[in-house]
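Visitor: Please show me the structure, and then let me ask how its descriptions are reached.

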Amino acid sequence: SSAGQMEHFGKAVAIQESPSGDGDLLVVGVPLQNTNQGSGSGAAYVFARATNNKWVKRRNLFPAPNSDYSRFGHSVAMSLDGTIVVGAESGQEAYVYERSGQYIWEEGVRLTGHNTEAGDKFGIAVDIDGNTVVVGANEEQSSASGTDADGSNNDSDRAGAAYIFTKEGGQWGQETYLKASNTNSGDKFGTAVAISNGAVVVGAPGEAGNGRDVGENQHDNTISYAGAAYVYTKQHGGWAQSGYLKASNTDQGDSFGESLAISGNILTVGADSEDSAGGGDQEDNSLISAGAAYVFDLHSLPSGLPEMVVLNNEGVRLIESHSMIQPETILVGSSSNWIKLHIHNIGSGLLNVSGIRIEDEDGMVVTSDTSYLNNSLNFGQSTEVSVKIQPAREGPSTARLIILSDDQSEASFA
């Protein structure tokens, strides 16, 4: 196809080796091409490798009519069976074209998020694996966190989101709404997405946590535009976050998570503004925006076990355990006290909390308020309970706190 000035032919590409031997396929996005569908509406072109090893254009893909500057073709992806997904990030849509013959694709099915609004950039990133499509919207503004949370507010500018769509009964529909476990304004979660072998990964190059490698300090938020990547897997019949990935040399402005590529269980995360000069010294920041890529084996990530951390109102950690509950001693004053406890799951598996119990040693009267208790916590989620302790005498008293869980590995502590 001929390209015009400023049309950005090649902004996105996807290639797939043909399993049937009828020619490898290539999709090229041209997000600012002028077409009959509108000025700068965009296009995508499908090429096939011929027997003489030349690439021949086989199909033109265009957005719906009246799609001025929809940027159709900003992102593209293709599955093993030749199904093509094209993102239109200014049009707030993604189109799915299913292959029905050698060089025949059905008219595109248009996907959009349940809460998508103008400016969300739904479609800035797309990927597909079998009958599952994931779409990024890196300027979505909800302050929600976790999976399938309430995304109706616009309280976190450019926080970002991602959406999982599946095909069931011949129809495409939204299955899951993904948010980061540590949602913040400017994170741009959804800038890049990838899916393979039942794992979805979402990049957030604007995320500001100061952790390194896997699972550290996700609520720190002090290193602007350090970046992060988030891993989601199917757990208990639904999608849940199972990993929080950071660079091994996290630094300000690196934009870790700007790009993603996944093959099987091997994930590569791009950080195009990382500053090291290479040569084995990751801490050498002498080459501004030299860039780096980081490789992770998803099979080597921590297994799907919960890990609970409990903090009091002052942020003091009371309990830390890995897939089991340990009793601890809490000091209280001589008058009645309400103690608010914050329960966090920093592990990679679902944490089920059924309640709390206080075992007193000094005849204290203990009551609790669990009205805000969320019984099921995915990775990165938290909940709270309040405990009122009335000591029987003046001076320090002690009480033993037990968190009750229906997780089998914690049953002995219930």
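Guide: What follows is a set of questions about the terms used for this structure.

Guide: This is a predicted model, in which local features need pLDDT of at least 70, side-chain atom pairs count only at pLDDT 80 or more, and totals for chains, interfaces and linings use all residues. Residues are numbered from 1 along each chain as its sequence is written, and side-chain values use heavy atoms, with hydrogens and water left out.

Visitor: Why is Ser-75 called buried?

Guide: Buried means under 20% relative accessible area, while exposed means over 50% and partly exposed lies in between (1.4 Å probe, protein chains only). Ser-75 has 5% relative accessibility, so Ser-75 counts as buried.

Visitor: Where is Ser-75 found?

Guide: Ser-75 is in strand S5 (residues 72-78). Strands (E, at least two residues) and helices (H or I, at least four) are DSSP runs, numbered from the N terminus.

Visitor: Which residues is Ser-75 in contact with, leaving aside neighbours within four places in sequence?

Guide: Contact means heavy atoms within 4.5 Å. Among the residues in contact with Ser-75 are Ala-12, Val-85 and Gly-123. A polar atom of the Ser-75 side chain lies 2.7 Å from the backbone oxygen of Gly-123.

Visitor: What makes Ala-12 buried?

Guide: The relative accessibility of Ala-12 is 10%, so Ala-12 counts as buried. Ala-12 lies in strand S1 (residues 12-16).

Visitor: How many aromatic pairs are there?

Guide: Rings of Phe, Tyr and Trp (its six-membered ring) pair if their centres lie within 6.5 Å; planes under 30 degrees apart count as stacked, over 60 as edge-to-face and the rest as tilted. By this rule there are eleven aromatic pairs.

Visitor: Why is the pair of Phe-122 and Phe-165 called edge-to-face?

Guide: The ring centres of Phe-122 and Phe-165 are 6.1 Å apart and the planes stand at 90°, so this pair is edge-to-face. Phe-122 is in strand S11 (residues 122-129) and Phe-165 in strand S13 (residues 161-168), 43 residues apart. Both Phe-122 and Phe-165 are buried. Phe-122, Tyr-163, Phe-165 and Tyr-177 form one aromatic cluster.

Visitor: What angle lies between the planes of Phe-189 and Tyr-232?

Guide: The angle is 80°, with 6.5 Å centre to centre, and the aromatic pair of Phe-189 and Tyr-232 is edge-to-face.

Visitor: How do you know that Phe-189 is buried?

Guide: The relative accessible area of Phe-189 is 1%, so Phe-189 is buried. Tyr-232 is buried because its relative accessible area is 0%.

Note on methods: A polar contact is a pair of N or O atoms within 3.5 Å; within protein, one must be able to donate a hydrogen and the other to accept it, and residues adjacent in sequence count only if both atoms are side-chain atoms.
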